Amino acid sequence: MAKQKEECPEYEASSGNVFADLGLEQPDGLLARAKLLNDVSTLIKNSGLSQREVAARLGITQPKVSMLVSGQFSAFSADTLIHYLSILGCIVKIQVQKPRSRRGIFHRKGSIAVC
């Protein structure tokens, strides 16, 4: 019996933002929050502390720490994640680049990024 050639699955290259690829609203903001959460989660995991100890230091409950570590970013705002990063010893900088002229206001959409 002749061997059938396997078909390659179809795929689409990512734009670099899975949230935009999925057509979700405010994909830049979602990606920024996901990156912030990843940073918080990584720091917590590498701290060597128990979730209970981390919770005490962040001033939250242990179940909230579990949500941070497991990546449930819908439960946390960017402001909250930035606050946790500062408590964890990070220096967080926010840079705003304004349009070059008044005509630029509302003329084109800006972007949000975590670098």
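Asp-39 has its place in helix 2. Helices (H or I, at least four residues) and strands (E, at least two) are DSSP runs, numbered from the N terminus. The model is predicted, and local features need pLDDT of at least 70, side-chain atom pairs count only at pLDDT 80 or more, and totals for chains, interfaces and linings use all residues. Residues are numbered from 1 along each chain as its sequence is written, and side-chain values use heavy atoms, with hydrogens and water left out.

## Exercise 1: Asp-39

Task: find whether Asp-39 is buried, exposed or partly exposed, and state how far its C-alpha atom is from that of Gly-16.

Solution. 
- Step 1. Take the cut-offs: buried means under 20% relative accessible area, exposed over 50%, and partly exposed in between (1.4 Å probe, protein chains only).
- Step 2. Asp-39 has a relative accessible area of 35%, so it is partly exposed.
- Step 3. Asp-39 and Gly-16 are 23 residues apart along the chain, and their C-alpha atoms are separated by 18 Å.

## Exercise 2: the whole chain

Task: describe the secondary structure, the extent and the burial of the protein chain.

Solution. 
- Step 1. The protein chain has five helices and zero strands, and its pattern along the sequence is α-α-α-α-α.
- Step 2. The radius of gyration of the protein chain is 20 Å, whereas a compact globule of 115 residues would have one near 13 Å. This radius is taken over C-alpha atoms, and the globule rule is 2.2 Å times the number of residues to the power 0.38.
- Step 3. The C-alpha trace spans about 65 × 55 × 20 Å along its principal axes.
- Step 4. Of the 115 residues, 19% count as buried.
- Step 5. The protein chain exposes about 9700 Å², of which carbon and sulfur atoms supply 52%. Accessible areas come from the Shrake-Rupley method with a 1.4 Å probe, and for residues only the protein chains shown count as cover.

## Exercise 3: the nonpolar core

Task: name the residues of the largest nonpolar core that touch the most other members, and say which helix gives the largest share.

Solution. 
- Step 1. A nonpolar core is a set of buried Ala, Val, Leu, Ile, Met, Phe, Trp, Tyr and Cys residues joined through side-chain atoms within 4.5 Å.
- Step 2. The largest nonpolar core has 17 residues, and those touching the most other members are Val-40, Ile-44, Leu-58, Ile-60, Leu-68, Leu-81 and Tyr-84.
- Step 3. At least two residues of this core come from each of helix 2 (27-46), helix 3 (51-58), helix 4 (62-69) and helix 5 (78-87). Helix 2 gives the largest share, five residues.
- Step 4. Contact means heavy atoms within 4.5 Å. Not counting residues up to four places away in sequence, Ile-44 touches Val-54, Leu-58, Val-65, Leu-68, Val-69 and Leu-88.
- Step 5. As background, nonpolar side chains in soluble globular proteins tend to be buried together.

## Exercise 4: Leu-37 and Ser-41

Task: explain why Leu-37 and Ser-41 are each placed in their burial class, and list what they touch beyond four places in sequence.

Solution. 
- Step 1. Leu-37 is found in helix 2, and Ser-41 also has its place in helix 2.
- Step 2. Leu-37 counts as buried because its relative accessibility is 4%. Ser-41 is buried because its relative accessible area is 6%.
- Step 3. Leu-37 touches Leu-68, Gly-71, Gln-72, Phe-73 and Leu-81, not counting residues up to four places away in sequence. With that exclusion, Ser-41 touches Leu-68 and Val-69.
- Step 4. Leu-37 and Leu-68 are 31 residues apart in sequence and 6.8 Å apart in space, C-alpha to C-alpha.
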